[in-house]
Amino acid sequence: MAIRSYDVKYVSDVAVNVGTMFSYAVSCGFDPKIFWNMFASSEVAVQIEKGNPKFLVGYSAVDLLNYVINTTAGNGNLLSVKPFYDRSEFYWAGWALAQYQNYKATSFFNLNKAFPIEKVLSLYGTLHEADITKFFAVADGYVSSHKKETNLKRIRTAAGLSQSKLAEKSEVSVRNIQMYEQRRNDINKAQADILFRLSKILGCNIEDLFE
């Protein structure tokens, strides 16, 4: 089933909850990497991705934490129970990733493969006070580099054309082709005439170029 992004009006609440859950888990003694891997593969993550209202706004951060532990680790007991109020690097990482998950409409599981939690935590010092769009830009870089080559690049290579030769024949700029192949521009949103010219030279259907 395809992951769908839930309504943006819930993103702030979900981000706070996920961030608090992650930071609280670490404060209770969980290893950050192990717990985030647990969460990313848990039913909690799946239900958030699906936009289940109960998991978006119905549960507290502690409820989510207990749900992850019960369904993933098979152990319903926290390692410790203590008051929790801080906004740590773990809070920030969960908060930022929850927003990015919605923004990209991807799964926490796939996101974790491309952008491991230890990489996210290493960015805390430089990005935690920056606008969230700065985090999105860095995350995009990790996700793009992790993905396989684009359909445009695959078809172009199979046709034996360089970027410059395709640009010459299709009258689409080399820069545009590079941006599509690097996923810095979304080819699914390209102008119809650009898609038509590329597909004509490459001998494929326009739909074959979509990601």
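Hello everyone. Let's start with Tyr100, which is buried, with a relative accessible area of 0%. Please keep in mind throughout that this is a predicted model.

How many helices and how many strands does the protein have? There are 14 helices and zero strands. The C-alpha trace spans about 65 × 35 × 30 Å along its principal axes. The protein has 211 residues, and 43% of them are buried. Among the contacts with a separation of 6 or more, 69% are between residues 24 or more positions apart.

Now to the aromatic rings. The structure holds 18 aromatic pairs. Here is one of them: the ring centres of Trp92 and Tyr124 are 5.8 Å apart and the planes are at 70 degrees, so this pair is edge-to-face. The cut-off behind that word is an angle over 60 degrees. Where do the two partners sit? Trp92 is in helix H6, residues 89-104, and Tyr124 is in helix H9, residues 124-127, so the pair ties together parts that are 32 residues apart in sequence. Trp92 counts as buried, because its relative accessibility is 5%. Tyr124, at 23%, is partly exposed.

Is Val143 buried or exposed? It is buried, with a relative accessible area of 11%. Leaving aside neighbours within four places in sequence, Val143 is in contact with Tyr100, Leu111 and Ala114. So our tyrosine turns up again, because contact here means heavy atoms within 4.5 Å. As for Leu111, it is 32 residues from Val143 along the chain, and their C-alpha atoms are separated by 7.3 Å.

Val143 also leads us to the pocket. The largest pocket has a volume of about 900 Å³. It is lined by 25 residues, and the closest to its centre are Lys104, Val143, Ser144, Lys147 and Arg183. Which helices each supply at least two residues of that lining? They are H6, helix H7 (108-114) and H10. The largest share, five residues, comes from H10.

Next, helix H11, residues 151-158. Its buried residues are Asn151, Leu152, Ile155 and Arg156. Looking down the axis of H11, you find these buried residues within an arc of 125 degrees, so they line one face of the helix. What covers the buried residues of H11? The cover includes helix H12 (163-170), H13 and H14. After H11 comes Gly160, whose phi is positive, near 75 degrees.

H13 and H14 give us the next stop. Arg184 is in the loop between helix H13 (174-181) and helix H14 (192-202). Arg184 counts as exposed, because its relative accessibility is 55%. Not counting residues up to four places away in sequence, Arg184 touches Arg175 and Met179. Between Arg184 and Gln99 there are 19 Å in space, C-alpha to C-alpha, and the two are 85 residues apart in sequence.

Last, the cysteines. Cys28 counts as buried, at 3% relative accessibility. Cys204 is buried as well, with a relative accessible area of 17%. How many disulfides are there? The count comes to zero, with a cut-off of 2.5 Å between the sulfur atoms.

Notes: Residues numbered from 1 in each chain as written. Predicted model: local features only at pLDDT ≥ 70, side-chain atom pairs only at ≥ 80, totals over all residues. Heavy atoms only, no water. Helix = DSSP H or I, 4+ residues; strand = E, 2+ residues; numbered from the N terminus. Buried < 20%, exposed > 50% of the residue type's maximum accessible area, 1.4 Å probe, protein only. Phe/Tyr/Trp six-rings, centres within 6.5 Å; stacked < 30°, edge-to-face > 60°. Arc of directions from axis to C-beta. 1 Å grid on protein atoms, 1.4 Å probe; cavity = no way out; pocket = protein on both sides within 12 Å on 5 of 7 lines; lining within 4 Å. Points joined across faces, edges and corners; volume = space filled by probe spheres on them.
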